[in-house]
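Please look over the sequence and the model shown here, and then read the notes that follow.

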Amino acid sequence: MTSKERAKREFSLVINGEPKTLRAHPMERLLDVLREQLGLTGTKEGCGEGECGACAVLMDGALVDSCLIPILQAQGSNIVTIEKLAGDARLCALQEAFLECGGAQCGICTPGMILAAQYLLNRKPRPTMEDIREGLSGNLCRCTGYTQIFEAVAEAARRGVSA
Amino acid sequence: MEKDHIIGLPAPRKEGRDKVTGKARYIDDITLPNMLYGATVRSRIPRGRIKKITFDPGVPWDEFVVVSAKDIPGENCIALIENDQPCLAEEIVNHPEEPILLLAHPEKHLLPKAVEAVNIEYEPLPAVFSIADSERRSEIIWGKDNTFKTYLIQKGDVDAIWEKAAFIVEGEYFTGAQEQLYIETNGMIAQFDPKQGITVWGSLQCPYYVHKALMALCGLPEDKVRVVQAETGGAFGGKEEYPSMIAAHAALLAMKSGRPVKIIYDRAEDMVATTKRHPSRTWHRTAVSKDGKILGGEIEFTIDGGAYVTLSPVVLSRGTIHAGGPYYWPSVRVRAKAVATNAPPHGAFRGFGAPQCLFAIERHMDRISEAVKLPPAEIRRRNFLKPGQTTITEQIVREEIDLGKLLDRALSLADYDSKRQRFAKQNESGNCRKGMGIAAFLHGAGFTGSGERYLSSVVGMEGRADGGVRILVSSTEIGQGTNTILCQIAAEALGLRYGDVEIARPDTTEVPNSGPTVASRTAMVVGKLVQSAALGLKQTLAGCGMLGRNYTPEEFRAACREYVSTQGQLRSFAKYEQPADIFWDDQNYRGEAYAAFAWAVYVAEVTVDLATYGVSVDDFVALQEVGRVLNPVLAKGQIAGGVAQGIGFALYEKVEWRDGRMQNGQMTNYIMPTSADLPPVRIFFEEMGNTHGAYGAKGIGELPMDGPAPAIVNAVVDALGIPFDSVPVLPENIFEAVSTTGARENTVPSAGRG
């Protein structure tokens, strides 16, 4: 066993509703564990320093940048990624609204943006435009100028989003 | 023929479902068996001779694949225009972050340390960091005179007009570098097989640019190089030419190791090492009549190209042609120049030279308005190009445009006049100053001049065994909507449903070269070819009696199936033919520069806070004429996104340089607008008719980048009564200007002057 292997420890967490046990270096980023060990590549890396929100996931219901979370900190937690929202065949209301309103262009910020929107709607099912603007200000998008993202979130709220 | 129209409707984004579910596969989402990770060892100095390279002990170097220039099988260059940019520096480095060595290892996390453990000794050489230094030529760093390219436009007799002028207005304007800041950083995977050759997958805009570069670098024939575009997370020009460099690096590592190699740049590497918008300087001297008509003028447009030629001549060309703005110049002389400095080469970024020169002319129009004492709107109205007049390249305006009407509508939408009067009063007291600014502009669609003829793009269309249709183009989806609008065009042309049409993933073994995805050319030029190829498909089916004059989508599908099962492959191709009336003189830079222009008037409303010196954009009206709007949701998305980047260019995004190297290469300290920074952008379209593109569409992608900076800076000047002639305008610039002029206490609201 290499020294790197020896430094690894076992972690248990619930990912998208399924209990998982895995081995990782305690300081390995949750982002890398999700993408590389679990193949959940819907979570993206944009900056690696918590500025852009492309790697956003829900951890015990809170919105976090998974590039800033060492797996050690995620031990025992409940993680939700974009793959959970996708469901099987039907899109969730937010995904539908993003598609219709032009909320996704290149798509790289979209998973994080949708999770941030979901987090917002979980707390405020009827957000004002100002709530939306503020709620998404931790997620950068270079394509849309945000207008159509706001419209998508407002539209999803109108239709009612299940938490 | 019974059918539902699909052009002009908000067809949902073709690949949208994959994007909102996280299933779309970007390059970093792809892993190949036995894959290595690659990293780049780069120059730490701006210019010098490489004396010695040593490797620190303590790193297990035998586990690493190390590639230097000596490993290059073909030419050590990134083939593009001049082929002066090496793939790996061998003796001389010409800019900070220039690639020198490549490393690969199975463990990604070991690479950063290994890169640090390569020591390169240099003999430093004097370097040049600004346009002014480069022009001074105290140090020659490129060619004979540090000049990559010059253009000269001469229309009429400029020298004769000065004595007729009632006013002579002079101004000098500057724009800074801007980072594209696509949220997906650059990345490539390469795989080599001695029989099949090299294959690369990557985040890129122009598959055939990469193809050309790899052929030259690897010394391989056309059919032994395959380039495939992965889903691409934004590009904006930033993935036009640099992906060829990264593909070249991944290919060299793959060839040497015999294993697939993935290179993904982290944000800092992407920001400091890859291309940015060219910094620029524009000087205007304009002769104006008593009643505010431009009689003629001289324009000098200069851009900083960085260390190698790359795309600078083409960027310069677009800037040169747009330098006069949407105005009629009876006479003009434009001298344009791209110069070398020891910075990483500047490159393509949405607008491609036009945002720079249009900032200058639109600030200059406000300066003329002040000199002549006519309001900014009026001075523009009196000088707008009209159908039948000629542009600065003596292209006759054949489009039925009415810029005065466009201006009136924009002013009315912005409530310009009454707001300006109101602000003049409000600005007399309090700690805020409010202002309104206008920008009128144009953007040529497609390649400049003879460019489209040289490209001779080809588009294919395939009838499939299942009855569906597939579009074959190298034009890439980079978020702007290529997949969707081309499928809409094909469906419309064939009388099919949107769902009957697919588009192939750009893969050089599968799709013809429909040209690069740049220059706002996809909707207009490629779209028109898609329409032609569709007609070819229909004619083939009709010609062999399988399809009647009137048919349903089901009948078309049945005909396709029948053809494929009885005759084999069903394909139709269309090739670009330049219309006979398009004439362009490359020597004298004269003639039909673009088949069509998009036109726009933008109006910005700003507040300058005299406590924080911050500027907020309170309202923004974007009115444009882009021909037929193919898809209103995508079109609005293009404008909203471009305006946001333009607001960043005007007010936030500043590259801090030290010795040719970007110092703020992080999202933390290079500030792009967030959702909290942007105003509601109000977007409107005017359709005045166009015959060139598919169903009358013109270019749209770059246009919205051109207007925000001048509109906003004109509004800031209007608010404060102090001129600002360079972007970005940051709070510190406002603080300095207000402090120096003492305008804080006695700002003269300029609205009163109009």
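## Val272 of chain B

In this predicted model, Val272(B) lies in helix H6 of chain B, which spans residues 267–273, helices being DSSP runs of H or I with at least four residues, numbered from the N terminus. Val272(B) counts as buried because it has 21 C-beta neighbours inside 10 Å; a residue is called buried if 20 or more other C-beta atoms, placed from the backbone, lie within 10 Å of its own.

Setting aside residues up to four places away in sequence, Val272(B) touches Glu97(B), Arg661(B), Met662(B) and Gly665(B), where contact means that C-beta atoms placed from the backbone lie within 7 Å. The C-alpha atoms of Val272(B) and Arg658(B) are separated by 11 Å, although the two residues are 386 residues apart along the chain.

## Helix H6 of chain A

H6(A) is largely enclosed by the rest of the structure, because 12 of its 14 residues are buried; among them are Met113(A), Ile114(A) and Tyr119(A).

## Contact between the chains

The contact takes 39 residues from chain A and 43 residues from chain B. On the side of chain A that touches chain B, H5(A) gives the most, with 4 residues.

## Numbering and confidence

Residues are numbered from 1 along each chain as its sequence is written, while chains are lettered from A and ligands numbered from 1 in the order in which they are written. Because the model is predicted, local features need pLDDT of at least 70 and side-chain atom pairs count only at pLDDT 80 or more, whereas totals for chains, interfaces and linings use all residues.

Methods. Two residues are in contact if their C-beta atoms, placed from the backbone, lie within 7 Å. Helices (H or I, at least four residues) and strands (E, at least two) are DSSP runs, numbered from the N terminus.
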